[in-house]
Amino acid sequence: MPQRPYIVGNWKMNGTRAMLSEARAIDRAAQRLMKVEVAVAPPYTLLHAVHREAAQIAVGAQDCHPGQEGAHTGDISAGMLADAGAKFVILGHSERRESHAESNSCVQEKALAALDAGMRIIMCCGEADKIRQSGKAEDFVIQQLRESLPTLENAAENLTVAYEPIWAIGTGNSATVGDVSAMHTAIRALLVELYGVEEGAEVRILYGGSVNPENARELLSADEVGGALVGGASLTADSFMGIALAAAEIQDS
Ligand code: PGA
């Protein structure tokens with residue numbers, strides 16, 4: 001891992017104020033692992049409180065609306081998230097693409113809005129099991145990213161990509177190291193094409209999908225893996241920081 005590894009917890013629709021103690025424990029443990037960048041994306045309702053109580057780690061959101069303000073009941077703009085303390089936003093997660101019918105162009109609009117509000121982006125991509133079985137996973141993911149990524153001049157420096165095969169999310173079946181390396185290498189080539197050799201090489205590419213403290217070391221050691229986007233295992237400080245520790249040990253080895 002050439003860059004500082006980035007370990008991000010996606011709490012999804014989990015967590016009430018009772019979870020703030022986990023956030024504080026993550027924050028304390030992260031201060032002892034300075035070689036690793038640790039961040040958490042709690043639900044909107046906890047964003048401000050986590051930002052206040054876990055001051056050392058970055059806090060982010062799980063989605064934003066492409067507009068700045070207006071008559072959009074139930075939606076939240078990137079500017080509002082930044083105002084609540086969010087430093088980044090996860091965009092294009094497969095759960096949003098599926099259950100909210102988010103198209104690539106809709107995800108791209110959100111990315112532009114987030115950059116405009118001064119936020120960093122974690123852009124998710126990943127194929128369904130059927131596509132993997134058909135042998136077209138790489139083509140699918142590259143096309144998805146081509147249509148979802150923002151191509152502004154300042155985009156690469158504020159961008160992280162997360163490869164999350166849909167069949168690996170929340171199933172306990174993570175992808176194989178070989179499949180992860182191959183996909184990340186293809187994504188790297190696209191980033192270099194879109195943003196240039198230097199900028200494209202700097203963008204971290206995270207793996208997500210059933211990462212846990214037991215498999216983290218192997219997955220995080222794979223070629224072109226710059227960290228992990230973690231769902232279920234990010235809900236307790238113990239398991240989440242077990243993953244961050246694995247990343248730190250790889251840095252040391
Ligand atoms: P998981 O979720 O770690 O529970 O598989 C990952 C994600 O959806 O970001």
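**Close-up views of a predicted model**

View 1. Leaving out residues up to four places away in sequence, Arg4 touches Met34, Lys35, Val36, Glu37, Arg204, Gly226 and Gln251. Arg4 belongs to the segment before strand 1 (6–10). Its relative accessibility is 37%, so Arg4 counts as partly exposed; the partly exposed class lies between under 20% (buried) and over 50% (exposed). Val50 is 46 residues from Arg4 in sequence, and the two C-alpha atoms are 23 Å apart in space.

View 2. In general, strands of a sheet pair through backbone hydrogen bonds, and the pairing is either parallel or antiparallel. One of the pairs here is strand 2 (residues 37–41) with strand 3, which are parallel and share 2 bridges. Within this pair, Ala39 stands opposite Ala58 of strand 3.

**View 3. Strand 8 (residues 227–230) and its two partners.** Strand 1 is joined to strand 8 by 4 bridges, and the two run parallel. Strand 7 (residues 204–208) also runs parallel to strand 8, joined by 2 bridges. Leu229 in strand 8 stands opposite Val8, and Leu229 is also the bridge partner of Gly208. Both faces of strand 8 are covered. Gly227 and Leu229 lie on one side, Ala228 and Val230 lie on the other, and all of them are buried.

View 4. Is Ala61 buried or exposed? Ala61 is buried, because its relative accessible area is 0% and buried means under 20%. Neighbours within four places in sequence aside, Ala61 is in contact with Ala41, Tyr44, Leu47, Leu81, Ala86, Phe88, Val89 and Ile90. One of these contacts, Ala86, is 25 residues from Ala61 in sequence, with a C-alpha to C-alpha distance of 6.3 Å.

**View 5. The nonpolar cores.** The largest nonpolar core has 76 residues, and the members that touch the most others are Ile7, Val161 and Ile187. Helix 11 (residues 237–252) gives the largest share of this core, 9 residues. Another core, of 11 residues, lies apart from it; among its members are Tyr6, Ile90, Ile122 and Leu206. Beyond four places in sequence, Ile7 touches Val36, Glu37, Val38, Ala39, Leu220, Gly227, Ala228, Val230, Phe240, Ile243, Ala244 and Ala247.

**View 6. Helix 5 (residues 104–116) and what covers it.** At 1.5 Å a residue, the 13 residues of helix 5 should span 18 Å. The end C-alpha atoms are 18 Å apart, which agrees. Which residues of helix 5 are buried? They are Asn104, Val107, Lys110, Ala111, Ala113, Ala114 and Leu115. The elements covering these residues include helix 3 (78–83), strand 4 (88–91), helix 4 (94–99), strand 5 (120–125) and helix 7 (137–148). Just after helix 5, Gly118 takes a positive phi of about 80°.

**View 7. Packing of helix 5 against helix 7.** The two helices pack at an angle of about 45°, and their axes are 7 Å apart. Helix 5 is therefore oblique to helix 7. On the helix 5 side, Asn104, Ser105, Val107, Gln108 and Ala111 take part, and they meet Gln143, Gln144, Glu147 and Ser148 of helix 7.

Methods:
Residues are numbered from 1 along each chain as its sequence is written. This is a predicted model: local features need pLDDT of at least 70, side-chain atom pairs count only at pLDDT 80 or more; totals for chains, interfaces and linings use all residues. Side-chain values use heavy atoms; hydrogens and water are left out. The expected span of a helix is 1.5 Å times one less than its number of residues. Buried means under 20% relative accessible area, exposed over 50%, partly exposed in between (1.4 Å probe, protein chains only). Contact means heavy atoms within 4.5 Å. Two strands pair if DSSP finds at least two bridges between them. A nonpolar core is a set of buried Ala, Val, Leu, Ile, Met, Phe, Trp, Tyr and Cys residues joined through side-chain atoms within 4.5 Å. Axes are lines fitted to C-alpha atoms, for helices over the stretch in contact, and angles run from 0 to 180 degrees between N-to-C directions. Angles under 35 degrees count as roughly parallel, over 145 as roughly antiparallel, 65 to 115 as roughly perpendicular and the rest as oblique.
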